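Biologist: I have a structure open here and would like to go through it with you. Could you take my questions as they come?

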Amino acid sequence: MNIRFLETVIWLAELRNFRVTAERMNMTPAAISNRVSAMEQELGFKIFDRDARDVRLTEEGARFVSGARDIVGRYNALLQDLGPKGEIEGTIRIGVLPSMALTILPGIMETLRRRFPRIRVSVSTDSSATILQRLENRELDVILGFPGTHMEKLTVSGLCDLSMYWVSSPKLDQEKPNALIGRADLLRYPIISYELGTYNHGKLLEYLQDYDAASAVMHYSNSLTTTISMISNGLGIAVLPPIVIQNELRTGELRVLNVQPTFPVTRYYVVYLEAASSRLCSLISSIARDVTTELCGFYDRSLMQQVDHF
């Protein structure tokens, strides 16, 4: 029994299919079956109940796989700590929200360039629901976003809280630009919302739930760049993290509205599946937290705060 054998049962427990597991590990289904049989013979109990259509962990198998995850995780962490940094290589597929692409991702890429030059990165930027679904479908390895509600098979670490403020263009018609604005007053303007079904769209609806939000003119955008362009052209107001529009605020292209009560902060996470081949995932997670720590030092706590726990 060795690390590769432990990885085999972890993946089979995750994927519940010999063919899919074999494809994931670049092996044949017969080789996967032989490994499992050899381990069961050595252990003296069945790890899986299997039939023609499904593979299920036995009670003993579930306990064994739980321990195997811990062993493999510790092994990967040991290699990461002791191995020559420049020799770590591979491809990591990262999914990021637009706000993370503008804040955390550049620091991650710079760290990889300096310390791990042989790691290749494939970056996908999309909505929270899309990158989470792609993670669950194993089309991505790690995401910088939100974990959703079903976190049983996920490794989740908090990164940062970004403050959210209502912003508009000076072009937008307002009698008193610095006047206090209530939630009911917001409905007088077109609102440029996050895409339907996204985490922050849900937060926006909660924020306006005591008011007639259905009467508002609400536009939807799945692109941060498009949203900023729409606001800049006076087409509506939106709630955004100020740290992603620093240039627009500095030049006066956009301005922060004096809205009370303030919009809740948004917490961002680094998320990846609890799977055997998570060495690069845990590395990216560690780098992301280090980058966040450094970045938080540049901003006032009213704009960005590091998360020290889940």
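Biologist: Let's start with R16: is R16 buried, exposed or partly exposed?

Modeller: Please keep in mind that this is a predicted model. R16 has a relative accessible area of 39%, so it counts as partly exposed. The residue is found in the loop between α1 (3–15) and α2 (18–24), and its phi is near 60°, a positive value in a residue other than glycine.

Biologist: And what about N26, where does N26 lie?

Modeller: N26 lies in the loop between α2 and α3 (29–43). Its phi is near 55°, which is again a positive value in a residue other than glycine. N26 counts as exposed because its relative accessibility is 73%, and the cut-off for exposed is over 50%.

Biologist: Stepping back, how many helices and strands does the protein have?

Modeller: There are 12 helices and 12 strands in the protein. Along the principal axes, its C-alpha atoms fill a box of roughly 80 × 45 × 30 Å. Of the 310 residues, 46% are buried. Among contacts with a separation of 6 or more, 75% come from residues 24 or more positions apart.

Biologist: Now the helix pair α6 and α12, how do their axes cross?

Modeller: The axes of α6 (residues 105–115) and α12 (residues 279–296) come within 9 Å and cross at roughly 120°, and the crossing is right-handed.

Biologist: Which residues in α6 and α12 meet there?

Modeller: From α6 the residues are G107, I108, T111 and L112, and they meet I284, I287, A288 and V291 in α12. By class, the residues of this contact divide into six nonpolar, two polar and no charged.

Biologist: Changing topic, how many cavities of 30 Å³ or more are there?

Modeller: The count comes to two cavities of 30 Å³ or more, and the largest cavity has a volume of about 310 Å³. That largest cavity is lined by 25 residues, of which L97, P98, Y194, N200 and S221 are the closest to its centre.

Biologist: Which elements each supply at least two residues of that lining?

Modeller: Those elements are the helices α5 (98–103), α9 (199–207) and α10 (224–232), together with the strands β7 (191–194) and β9 (238–240). As for the class of the residues, the lining of the largest cavity has 13 nonpolar, 10 polar and two charged residues.

Biologist: What does V244 touch, leaving aside residues up to four places away in sequence?

Modeller: With those residues not counted, V244 touches S99, L102, T103, L224 and I228.

Biologist: One last thing, what kind of peptide bond joins Q260 and P261?

Modeller: Q260 and P261 are joined by a cis peptide bond, with omega at about -5°. P261 lies in the loop between β10 (255–256) and β11 (263–273).

Methods:
Residues numbered from 1 in each chain as written. Predicted model: local features only at pLDDT ≥ 70, side-chain atom pairs only at ≥ 80, totals over all residues. Heavy atoms only, no water. 1 Å grid on protein atoms, 1.4 Å probe; cavity = no way out; pocket = protein on both sides within 12 Å on 5 of 7 lines; lining within 4 Å. Points joined across faces, edges and corners; volume = space filled by probe spheres on them. Helix = DSSP H or I, 4+ residues; strand = E, 2+ residues; numbered from the N terminus. Nonpolar A, V, L, I, M, F, W, Y, C, P; charged D, E, K, R; others polar. Axes fitted to C-alpha atoms, helices over the stretch in contact; angles between N-to-C directions. Left-handed = near helix turned anticlockwise from the far one by under 90°. Contact = heavy atoms within 4.5 Å. Buried < 20%, exposed > 50% of the residue type's maximum accessible area, 1.4 Å probe, protein only.
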